[in-house]
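Have the model open and follow along.

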Amino acid sequence: MHGLKGHTVCFTGRVLVDGVWTVRATCSKRAAQRGAVSKTDFSRKVTLVVYGDLASKAVTDDSRAYSSTLVDAEAERSRGRHVCVVDADGFSELLKGRPAPCLKLRKARTGRVRPVAAHTPKGGILGGPLRVRRTGQRLSGDLTLDLSALDRATTAHETTVGTLIAYLSRQGIEACAHAPGAPQFDAGWHCGQEVFVAEVKSLTGAHEEQQIRLGIGQLLDYTQQLRIAHPSTLVHPVLILEKSPSADRWVALARSVGLRLAWAPDFAGL
């Protein structure tokens, strides 16, 4: 969908708008500034559902526990009336006047309905704007040891990501997430026709050599995949560290394998 103007919106709960939990009343006011009308409950007038937090919502019907609003939206779609559904990221984009993908709804055997990402053609490198994640929560796939995912859960990692976003913004460059289907690098950006993909590694409380070696290996893998998939695109791998490494040899090593190495807060070398 391309805007909020003319829509009647229903929120399932508070919404994480650009990293800040925002209650429904405030969301409604911000939506109104973009020409939308809000309803507290779902009805046939609702044309857009913003899927927010349900943690504080009391639910008595287990078969519809995931969200009665989503169940109602799915029912309307099955009758031929399309109701748009967006998540917190999508609502944040709409508030900025940018388009947002309408989510599909998938119904489970229990009767619960959950939103899933709409199909996006694969093949791109950079996705939407990069945002700093919240930390301190369990990650999906807890039983699989994923060092990269564990690093993304640390405050040091996300602080470095935020510092990088701010640094690039000052240069007039927008930091992006990876596109659907692309390798899951931490950050990416365009510079003319060239594309830079970065892996961010925290060093606080971590084994420095392990972190740097992991980052180098990931970038070599990501870059090879991207160069095969996009042979006409010049892709530059960048290893971003939380701070200056204790050993100078990493700079020479990175250069020898075609990587750029930079660290917060100045990012010299980018």
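## Two buried phenylalanines

Let's start inside: Phe-11 and Phe-91 are both buried, meaning under 20% relative accessible area, with exposed being over 50% and partly exposed in between (1.4 Å probe, protein chains only). They make an edge-to-face aromatic pair, 5.3 Å centre to centre with 80° between the planes. Rings of Phe, Tyr and Trp (its six-membered ring) pair if their centres lie within 6.5 Å; planes under 30 degrees apart are stacked, over 60 edge-to-face, the rest tilted.

Phe-11 belongs to strand 1 (residues 8-11) and Phe-91 to helix 3 (residues 88-95), so this pair links parts 80 residues apart in sequence. Helices (H or I, at least four residues) and strands (E, at least two) are DSSP runs, numbered from the N terminus.

This is a predicted model, so local features need pLDDT of at least 70 and side-chain atom pairs pLDDT 80 or more, while totals for chains, interfaces and linings use all residues. Residues are numbered from 1 along each chain as its sequence is written, and side-chain values use heavy atoms, without hydrogens or water.

## A stacked pair

Trp-189 and Phe-196 are stacked, at 5.7 Å centre to centre and 5° between the planes. Both Trp-189 and Phe-196 are buried.

## Charges over rings

Arg-14 sits over the face of Trp-21, 4.2 Å from the ring centre. Likewise, Arg-249 has its charged end over the ring of Trp-250, 4.0 Å from the centre. The rule here: NZ of Lys or CZ of Arg within 6 Å of the ring centre and within 35 degrees of the ring normal.
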